[in-house]
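Here's a quick tour of a single protein chain, written for someone who likes to know the cut-offs behind the words. Have a look at the model first.

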Amino acid sequence: MMTQHEEHQDAQVKRLVVKIGSSTLTTPEGRLNASYLEDLAKQVAHLRSLGTQILIVSSAAIVAGLQRLDMPPKRPDDIPTLQAAAAVGQIELTNSYARAFAKQNLTLAQILITRNDTINREAYLHARDTLERLLELGVVPLINENDTIAIDEIRFGDNDTLAAQVAILVKADLVVLLSDIDGLYTADPRVAEDAELLELVEEFTREIVDGAGCSGSEKGSGGMFTKIEAARMLMAASIPMVICEGRSEQAILNATQGKLKGTRFEKELPGRHAKARKLWLALSGTVCGSVTIDTGAVAALRNRGGSLLPVGVVSLEGTFKKGSVVDIRDEAGLLIGRGISNYSSETLDKVAGQRSAALVNSLELELNAKTEVVHRDAMVIF
């Protein structure tokens, strides 16, 4: 009898993005796990022999830096120390990967990215072309956020989001997040005995989002919530994602074949596959605010492919400018989409709830030629 994973598993994963969390990559003492890296390299080599191209998004640069500097493994609180540890750790982490992968005759390339590299369209396309060429040359890209220079305004904030961005950039067939937990549960399994593993998620409900909880281990910056955010982005791009326990035997190989315990996020959207430019517009920037819409607007966006109009806006949060990325939520607070706002928060606050016809010559538009709050071509629906 086939499992849900096997029923939804592609016959051949030609391009795979693997994200490895800090807790998976390190020992309980907070040190890089050399034997784990060697096993990882063997799995990558095996997948390469099957014709799969692999990109790795790796955490643990800060952990590696703290180790090299002989500092306590607990993540520092101040930014200068974090960035100094990252600067040292990038070298340590890359060298550790290189040693392990060289034993399998694999060549690595280090890629450091910030949001500046994805927000700027030209830089985004250059990054894509570089990654494509590396894959053509048989190289395994080792990708991380550039923590040594990144500030809050240009940070991805977690490598789950970065992995999703990379997968969308190179049009991957699958993303595997190797974690210290074997998937998404109905509640936190560390505190709730009746928590059940969700093997397949095809849409997000309030119960699923609430069950995600918050940040995980102290070694990393993410948690189950950030993995859900990554899954939202990937589902909008029709790219499946799997969360599984990274220390499981042959975790990557089994995840690509649907044989590993975990959670798979996947939903086919017939006729609604987002185009590459739309995905870049709506998902590459930092979210600056949130717009709450009524049930009529939700139906228009989800079922009729419409744009978001001022009449459907109930309220908004945050301060943002025209051209900023905003979340779109229903009245229960559930995130249903994301896109580029044609209004500043100040202007939108004035026109929310008004019909478009009444706004054509309205002074509140402040010479804004567009009546849509978020145009369909600059929006993705989750």
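What follows goes from the whole chain down to a few individual residues.

## Ground rules

This is a predicted model, so to speak of local features takes a pLDDT of at least 70 and side-chain atom pairs count only at pLDDT 80 or more, while totals for chains, interfaces and linings use all residues. Numbering starts from 1 along each chain as its sequence is written, and side-chain values use heavy atoms, with hydrogens and water left out.

## The chain as a whole

The protein chain has 14 helices and 13 strands. Both are DSSP runs numbered from the N terminus: helices are H or I with at least four residues, strands are E with at least two. Of the 382 residues in the chain, 53% are buried. Here buried means under 20% relative accessible area, exposed means over 50%, and partly exposed is in between, using a 1.4 Å probe and protein chains only.

Take the contacts in the chain with a separation of 6 or more: 75% of them join residues 24 or more positions apart. A contact means heavy atoms within 4.5 Å.

## Two helices crossing

How do α7 and α8 pack? Helix α7 (residues 121–136) and helix α8 (residues 159–170) have axes 9 Å apart and meet at an angle of about 75°, so the two are roughly perpendicular to each other. The axes are lines fitted to C-alpha atoms, for helices over the stretch in contact, and the angles run from 0 to 180 degrees between N-to-C directions. Under 35 degrees counts as roughly parallel, over 145 as roughly antiparallel, 65 to 115 as roughly perpendicular, and the rest as oblique.

On the α7 side the contact is made by Tyr124, Ala127, Arg128, Leu131 and Glu132, and on the α8 side by Ile168, Leu169 and Val170. Sorted by class, that gives 6 nonpolar, no polar and 2 charged residues. For the classes, Ala, Val, Leu, Ile, Met, Phe, Trp, Tyr, Cys and Pro are nonpolar, Asp, Glu, Lys and Arg are charged, and the others, Gly among them, are polar.

## Loop residues and their partners

Thr26 sits in the loop between α2 (22–25) and α3 (34–49). Is Thr26 buried or exposed? Thr26 is buried, with a relative accessible area of 1%. The Thr26 side chain reaches the backbone oxygen of Ser22 at 2.7 Å.

Pro72, in the loop between α4 (61–68) and α5 (79–102), is exposed at 59% relative accessibility. Pro72 and Gly30 are 42 residues apart in sequence, with their C-alpha atoms 8.6 Å apart in space. Thr205 is in the loop between β6 (200–201) and α9 (206–211) and is partly exposed at 27%. The C-alpha atoms of Thr205 and Leu334 are separated by 7.5 Å, although the two are 129 residues apart along the chain.

## Positive phi

Most residues other than glycine have a negative phi. Asn105 has a positive one, near 60°. Asn105 lies in the loop between α5 and β3 (108–113) and is exposed, with a relative accessible area of 73%.

Ser238 also has a positive phi, near 60°. Ser238 belongs to the loop between α10 (224–236) and β7 (241–245) and is partly exposed at 25%.

## Cysteines

How many disulfides are there? The count is 0, where a disulfide is a pair of cysteine sulfur atoms within 2.5 Å. Cys244 is buried at 0% relative accessible area, whereas Cys288 is partly exposed at 35%.

Terms used. Polar contact = N/O pair within 3.5 Å; in protein donor to acceptor, adjacent residues only side chain to side chain.
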